[in-house]
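Colleague: Before I use any labels on this model, I would like to hear what each one rests on. Could we go through them in turn?

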Amino acid sequence: QVQLVESGGGLVQAGGSLRLSCATSGLTFSNYHMAWFRQAPGKEREFVAAISRSDGRTQYRDSVKGRFTISRDNAKNTVALQMDSLKPDDTAVYYCAADQGLFDKSRRQDHKVYDYWGLGTQVTVSS
């Protein structure tokens, strides 16, 4: 069956960095756009970043542009999120997700369209 497993979360001070990774299995990875979402306590799940399946196009939410970088390795079936200059507002559970639909902005940012999800990894940024 399809599995997405996130790793790399933890506790970091404001201004620090973390690198999240998502290992996938059970799907043809190169056929899927990949994305990262996050959810803080009491808040809705929100889009963070996405990367297209083949040509490397990316999208980011405005608040992480210039600080976060999404990348993928189709040979290793993994997607990563490099997070720099972290802020306390970045504290959340981070999830990776996979989808085969169109890579347009509105669709990529809608969590309801994604086919597969990981269980998440906790990121805590202290002030």
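Colleague: What makes the link of Cys-22 to Cys-96 a disulfide?

Modeller: A disulfide is a pair of cysteine sulfur atoms within 2.5 Å. The S to S distance of Cys-22 and Cys-96 is 2.0 Å, so the pair meets the definition. The structure holds one disulfide. As for provenance, this is a predicted model, in which local features need pLDDT of at least 70, side-chain atom pairs count only at pLDDT 80 or more, and totals for chains, interfaces and linings use all residues. Residues are numbered from 1 along each chain as its sequence is written, and side-chain values use heavy atoms, with hydrogens and water left out.

Colleague: Which parts does the pair tie together?

Modeller: Cys-22 lies in strand E3 and Cys-96 in strand E9, so parts 74 residues apart in sequence are tied together. Strands here are DSSP runs of at least two residues, and helices (H or I) runs of at least four, numbered from the N terminus.

Colleague: Why is Cys-22 called buried?

Modeller: Buried means under 20% relative accessible area, exposed over 50%, and partly exposed in between, with a 1.4 Å probe and protein chains only. Cys-22 has 0% relative accessibility, so it counts as buried. Cys-96 is buried as well, at 0%.

Colleague: How many residues does the largest nonpolar core have?

Modeller: It has 28 residues, and those with the most contacts inside it are Trp-36, Leu-81, Met-83 and Tyr-94. Such a core is a set of buried Ala, Val, Leu, Ile, Met, Phe, Trp, Tyr and Cys residues joined through side-chain atoms within 4.5 Å. Strand E9 gives the most to this core, with four residues.

Colleague: What makes the pair of Lys-65 and Asp-62 a polar contact?

Modeller: The definition asks for a pair of N or O atoms within 3.5 Å; within protein, one must be able to donate a hydrogen and the other to accept it, and residues adjacent in sequence count only if both atoms are side-chain atoms. The side chains of Lys-65 and Asp-62 make theirs at 3.1 Å. Lys-65 lies in the loop between strands E6 and E7.

Colleague: Why do E1 and E7 count as edges?

Modeller: The open sheet of four strands has the order E1-E3-E8-E7, with antiparallel pairing. E1 and E7 each have a single partner strand, so one side of each is left without a neighbour in the sheet. Two strands pair if DSSP finds at least two bridges between them. Five bridges join E1 to E3, so these two strands pair.
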